[in-house]
Amino acid sequence: MHFRVTVCVVAMVALAGCSSSSGVYRWVPFMGNGKKKGSQTALAKVDQNNPFGPISGPVYYGLEMRVKVNPEAIRLSDTRALEVHLQLINRSKKAINLLFNDSRKYDFVLRDLNGKKLAQWSDDQPVNQTPGYVIINPSERAEFVGNVSTRDMVAGRTYTLETTVVGYDKMRQVMQLTPSGERAVAPSKPPAIQRPTPTQ
């Protein structure tokens, strides 16, 4: 008899602990000691066999953000545009879905040290108003590429290149660039030789 009473009491306590204010029952899993990890990098543990190696960029929402500029050494005499690569590497254990309001998913903006915009990759890109998404599975990456003109850059000055994922304000990375080498000036045409016209 006491066994049945004990089982009924335990069942009632268990159901009371799982109930919500709306009367719908839900299971609340036990989450351990409740200590939160301080950094998002700590949440994204790297498998030793991961093809992308250790984390080298900032991590947002479980995605590591890496930005690479080609060429690394910028000589304005040889470089008309910078090829910028954005990699989003899934460092979590579940698929991550990024949602976008239109076809714009990323952008690159070149600014001088005063913050004045010199070039923006998306200015030359057509925009499709259809919402889009990108799904990145665990231990996989999505890569985006764009070109940024060096037309207004001057050798020896420092510039900032801002890389963003559109609609995700935290997903932003800024790097400094200092180009070298003067831009080659196109040779001017020699003046045409004027020949005297014979007089009659």
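A salt bridge is a side-chain nitrogen of Lys or Arg within 4 Å of a carboxyl oxygen of Asp or Glu. In this predicted model, Glu162 forms such a bridge with Arg172, the closest N and O atoms being 2.8 Å apart. The pair connects distant parts of the chain, with Glu162 in strand β9 and Arg172 in strand β10 (residues 168-177), 10 residues apart. Glu162 is buried, with a relative accessible area of 17%, whereas Arg172 is partly exposed, at 36%. Elsewhere, salt bridges that share partners join Glu64, Arg66 and Arg91 into one network.

The structure holds eight salt bridges. Side chains of opposite charge can pair when their charged atoms come close.

Leaving aside neighbours within four places in sequence, the residues in contact with Glu162 are Asp107, Phe108, Val109, Arg111, Arg172, Gln173 and Val174.

Asp107, one of these contacts of Glu162, belongs to strand β5 (residues 106-112). Asp107 counts as buried because its relative accessibility is 8%, below the 20% limit for that class. A polar contact of 2.6 Å joins the side chain of Asp107 to that of Gln120. Beyond four places in sequence, Asp107 is in contact with Gln120, Trp121, Ser122, Glu162, Thr163 and Thr164. The C-alpha atoms of Asp107 and Val84 are separated by 9.9 Å, the two residues being 23 apart along the chain.

Strands β1, β2, β3 and β8 form an open sheet in that order, with antiparallel pairing. The edges are taken by β1 (59-60) and β8 (141-149), each of which has a single partner strand, so one side of each is left without a neighbour in the sheet. Strands of a sheet pair through backbone hydrogen bonds, either parallel or antiparallel. Eight bridges join β2 (residues 63-70) to β3 (residues 81-90). In this pairing, Val67 has Leu86 as its bridge partner in β3, and Asn70 has Glu83. On to β8, strand β3 pairs in the antiparallel sense over nine bridges, and the partner of His85 in β8 is Val145. Eight of the 10 residues of β3 are buried, so this strand is largely enclosed by the rest of the structure.

A nonpolar patch lies on the surface, formed by Leu99, Tyr133 and Ile135, with about 350 Å² of accessible area together. Ile135 is located in strand β7 (residues 132-136). Its relative accessible area of 47% makes Ile135 partly exposed.

Terms used:
Residues numbered from 1 in each chain as written. Predicted model: local features only at pLDDT ≥ 70, side-chain atom pairs only at ≥ 80, totals over all residues. Heavy atoms only, no water. Pairing = 2+ DSSP bridges. Helix = DSSP H or I, 4+ residues; strand = E, 2+ residues; numbered from the N terminus. Contact = heavy atoms within 4.5 Å. Patch = residues over 30% accessible without salt bridge, like charges linked within 9 Å, V, L, I, M, F, W, Y side chains within 5 Å. Areas by Shrake-Rupley, 256 points an atom, 1.4 Å probe, with all protein chains shown as cover. Buried < 20%, exposed > 50% of the residue type's maximum accessible area, 1.4 Å probe, protein only. Polar contact = N/O pair within 3.5 Å; in protein donor to acceptor, adjacent residues only side chain to side chain.
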